[in-house]
Amino acid sequence: MAESEGQTMQPMLNNGPRPAQEGMKGPQYFFTIAATMSAFCAGTALAWTGPALEVIVAVGNATRDPDTISITEEQGSWVGALMPVGALVGALPAGYFCNLFGRKLVCISLAIPFIISWCLITMASSAWELYIARLIVGVATGASSAVAPMYVGEIAESSVRGSLGSFFQLMITVGILYVYVLGACVSYTTLAIMCGIVPIGFLLMFFRAPETPVYLLQKNRRSDAEESLRRLRGPYYDVKNEVNELQRELEKSSDNQASISDIFKRKSALRGLLIALGLMTFQQLSGVNAVIFYANAIFRDAGSTLSPSVSAIIVGVVQVIVTYASSLLVDKAGRRILLLISAVVMAICQGLLGFYFYLQESGSDVSSLTLIPLSSVVLYIIIFSLGFGPIPWMMTGELFAPDVKGPSTGIAVGLNWLYTFIVTKTFTPFKNLLGMGVTFGIFSVICAIGVVFVLLMVPETKGKSLDEIQQILGGKKPKRNNVVA
């Protein structure tokens with residue numbers, strides 16, 4: 001008789017405990033948090049420009065803080081934009097290095113460029129030094145975006161893989177909130193030092209993490225794979241069945257380190273890549289960065305007396321809370337329903353924002369409509385954090401077979417950061433050319449197209465083993481196995 005969900009070991013018998021069919025969750029959660037500390041580091045890098053540029057960009061002939069470096073507004077825009085450029089560079093080869101050196105080694109090595117970048121920022125005396133630092137932190141951020149979801153997807157049981165996969169986006173939001181709070185109360189230099197402490201913590205937490213059993217089996221290290229699973233699932237878990245299942249999945253491929261061209265030769269791999277690319281596309285082109293960038297201005301127009309720093313902290317708190325709620329819901333409600341709800345509501349929110357700004361730009365009196373942009377921004381941030389924020393990262397970690405996971409993940413994550421750079425650098429010109437109303441209207445249409453994409457392309461992977469997901473992507477009806485993969 002099967003055990004109930006969440007039970008970790010069979011009743012005690014005379015000859016001791018029997019092997020469990022479902023593993024302990026505690027080690028999986030701990031090592032997931034340790035791995036996604038790299039996302040915490042990425043979140044600090046993403047958010048740093050907000051409070052930092054407020055201090056170092058010259059207003060007139062001087063910075064707001066005469067004891068810090070001074071740069072022009074144009075240089076400040078490049079300080080912000082060069083991070084996603086570095087992330088694109090870091091993301092593309094990350095999957096290849098993961099197959100070559102292992103998920104753990106690549107992931108833990110990313111602490112080094114994070115630390116170097118914050119040291120450079122602390123000591124920088126010119127814009128060029130900031131450019132180099134931001135490129136370096138971008139490389140680490142992009143690589144971690146590929147490696148951490150891959151690691152988590154390979155250590156988690158199917159019953160909690162969605163929840164654990166959502167931790168990547170959750171830790172990004174925690175890192176963003178960390179910077180928002182510190183930025184409101186410490187100096188420019190202290191902020192950089194406090195951000196530099198985070199990757200040191202990541203290094204200490206992740207140092208003793210196990211390598212993923214998938215990678216160890218790829219390298220024909222079966223005994224090590226079994227030991228890894230025992231650390232991840234607990235001493236009473238029956239590792240034999242899961243290792244056998246993973247081994248069968250690996251043996252379906254003739255080469256465990258497939259090339260990019262191999263992705264396009266297999267239906268399941270190609271469909272998985274198209275889904276991942278689509279999710280990353282709609283995540284970034286939904287206009288999330290534009291909404292967050294203009295959140296303070298919208299709050300101000302709505303009559304809010306809160307300072308920009310307090311408004312940013314409120315936005316950060318909302319993101320953390322709702323992203324955490326998503327991690328609890330994704331393995332219960334499912335991926336598709338959360339993505340659909342997210343895309344529909346985001347389309348409505350962006351449409352309402354576009355309508356408000358269109359009226360404002362056409363000279364209409366919008367003083368009685370200030371509740372529309374305010375509620376739209378708040379609801380948009382909530383619903384993005386519930387669905388299209390965390391789920392694309394999580395699904396990227398579970399859509400690909402082991403032999404194509406490296407190059408496929410690199411391509412998907414690289415595209416995400418390419419879009420981040422494009423949106424960051426082109427939003428202001430688009431806004432100036434078309435107006436805020438039309439620009440947000442375009443975002444609304446893109447979100448609506450995202451609804452159709454999810455309906456037609458994205459399968460439900462809740463509760464499915466990695467092998468069953470590949471069968472679904474290949475157009476086959478999955479055969480249920482009596483093991484947890």
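Predicted model: local features only at pLDDT ≥ 70, side-chain atom pairs only at ≥ 80, totals over all residues.
Local features require pLDDT of at least 70 and side-chain atom pairs pLDDT 80 or more, whereas totals for chains, interfaces and linings use all residues. Residues are numbered from 1 along each chain as its sequence is written, and side-chain values use heavy atoms, without hydrogens and water.

The chain contains 23 helices and zero strands (DSSP runs numbered from the N terminus; helices are H or I of at least four residues, strands E of at least two). Of its 485 residues, 56% are buried (under 20% relative accessible area; exposed is over 50%, partly exposed in between; 1.4 Å probe, protein chains only).

The structure holds 13 salt bridges, each defined as a side-chain nitrogen of Lys or Arg within 4 Å of a carboxyl oxygen of Asp or Glu. Glutamate 398, in the loop between helix 20 (391–396) and helix 21 (402–434), takes part in a salt bridge with arginine 161, with closest N and O atoms 2.8 Å apart. Arginine 161 belongs to helix 7 (residues 161–165), 237 residues away in the chain. Glutamate 398 also forms a salt bridge with arginine 335, at a closest N and O distance of 3.1 Å. Arginine 335 lies in helix 18 (residues 335–361), and this pair is 63 residues apart. Relative accessible area is 1% for glutamate 398 and 2% for arginine 161; arginine 335 is buried at 0%.

Within helix 12 (residues 239–251), glutamate 245 and arginine 248 are three residues apart, about one turn of the helix. The closest N and O atoms of their salt bridge are 2.5 Å apart. Glutamate 245 is buried at 5%, whereas arginine 248 is partly exposed at 45%.
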